[in-house]
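Please read it alongside the sequence and the coordinates.

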Amino acid sequence: LEPFLCPCCRDIKVEIIGSRARKYLNEDASQVTLVIRRLRCLGCNKIHHELPNILVPYKRYKSECIEAVIVEDSNTPVTVACDESTLHRWKYWFKSLSEYFAGCLQSIAIQIGKETEETSKPKSVLHRIWQYVGDAPGWLARIVQPLVNSNLWVHTRSAFLSDCA
């Protein structure tokens with residue numbers, strides 16, 4: 001068992017309590033099933049799922065697909081096999097959270113002593129994010145990992161609740 005730091009209480013004592021299947025889709029919409037470990041923190045008793053860096057929490061496609069859509073330019077068409085509405089939702093999701101992501105990455109950099117002085121303001125929020133994680137392929141996964149591990153990931157799933165009075 002490789003070291004796992006609980007994002008809630010920062011304890012490193014965990015026990016494996018099982019596994020579960022996690023499915024995701026590739027660019028061609030082919031489905032892949034992974035088996036991910038379920039871990040219980042012995043410090044706070046919370047259950048966590050080990051998330052591989054190719055996935056984004058609560059997204060069905062692998063992070064490379066989402067990343068390609070976010071940085072899409074007119075010279076390189078996106079080749080992800082999904083509905084246009086899904087592509088639009090990914091763009092909206094990232095745009096609505098990008099300032100938050102940049103702020104979290106800056107905060108993490110300050111906490112670990114890696115923050116540097118900015119001499120010129122980058123053009124976009126995406127460029128500010130890339131200052132921390134780089135712009136090479138896999139940058140979205142490099143955003144997800146520190147935010148999830150710091151318990152800063154914003155859950156964007158919604159559920160309809162009914163009042164059972």
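Strand 1 and strand 2 pair in the antiparallel sense, with 11 bridges between them. The model is a predicted one, and its secondary structure amounts to 4 helices and 3 strands, which follow one another along the sequence in the pattern β-β-β-α-α-α-α. Of the 165 residues in the protein, 32% are buried, and among contacts between residues at least 6 apart in sequence, 56% join residues at least 24 apart.

- The 3 strands form an open sheet in the order 1-2-3 with antiparallel pairing, in which strand 1 and strand 3 are the edge strands, each pairing on one side only.
- Neighbouring strands of this sheet are turned against each other by 25 degrees on average, if direction is ignored.
- In the pairing of strand 1 with strand 2, Val 14 stands opposite Cys 41 of strand 2, while the hairpin of these strands has 5 residues between them, and Ala 29 in this hairpin takes a positive phi near 70 degrees.
- Strand 2 is also joined to strand 3, by 3 bridges and in the antiparallel sense, and here Arg 40 has Ile 47 in strand 3 as its bridge partner.
- As a general point, the strands of a sheet pair through backbone hydrogen bonds, either parallel or antiparallel.

**Helix 1 against helix 4**

- The axes of helix 1, which spans residues 63–70, and helix 4 come within 8 Å and cross at roughly 115 degrees.
- The contact is made by Ser 63, Ile 66, Glu 67 and Ile 70 on the side of helix 1, and by Trp 139, Leu 140 and Ala 141 on the side of helix 4.
- By residue class, the contact of helix 1 with helix 4 divides into 5 nonpolar, 1 polar and 1 charged.

**The largest pocket**

- The largest pocket holds about 920 Å³ of space and is lined by 32 residues, among which His 49, Glu 50, Leu 51, Pro 57 and Val 148 lie nearest its centre.
- Strand 1 (14–25), strand 2 (31–41), strand 3 (47–49) and helix 4 (139–149) each supply at least two residues of this lining, and helix 4 gives the largest share, with 5 residues.
- The lining of the largest pocket divides into 19 nonpolar, 7 polar and 6 charged residues.

**Two buried residues**

- Lys 62 has its place in the loop between strand 3 and helix 1, and it counts as buried because its relative accessibility of 14% falls under the 20% cut-off.
- Leaving aside residues up to four places away in sequence, Lys 62 touches Tyr 24, Leu 25, Asn 26, Glu 27, Ile 54 and Leu 55.
- Cys 104 is found in helix 2, which covers residues 84–111, and its relative accessible area of 6% is under 20%, so Cys 104 is likewise classed as buried.
- With residues up to four places away in sequence again left out, Cys 104 touches Leu 147 and Leu 152.
- Although Cys 104 and Leu 147 are 43 residues apart along the chain, their C-alpha atoms are separated by 7.1 Å.

Key
Residues are numbered from 1 along each chain as its sequence is written. This is a predicted model: local features need pLDDT of at least 70, side-chain atom pairs count only at pLDDT 80 or more; totals for chains, interfaces and linings use all residues. Side-chain values use heavy atoms; hydrogens and water are left out. On a 1 Å grid over the protein atoms alone, a cavity is a set of points where a 1.4 Å probe fits but cannot get out, and a pocket is an open set with protein on both sides within 12 Å along at least five of seven lines; lining residues have an atom within 4 Å of a point. Grid points are joined across faces, edges and corners, and a volume is the space filled by probe spheres set on the points. Ala, Val, Leu, Ile, Met, Phe, Trp, Tyr, Cys and Pro count as nonpolar, Asp, Glu, Lys and Arg as charged, and the others, Gly among them, as polar. Axes are lines fitted to C-alpha atoms, for helices over the stretch in contact, and angles run from 0 to 180 degrees between N-to-C directions. Contact means heavy atoms within 4.5 Å. Two strands pair if DSSP finds at least two bridges between them. Buried means under 20% relative accessible area, exposed over 50%, partly exposed in between (1.4 Å probe, protein chains only).
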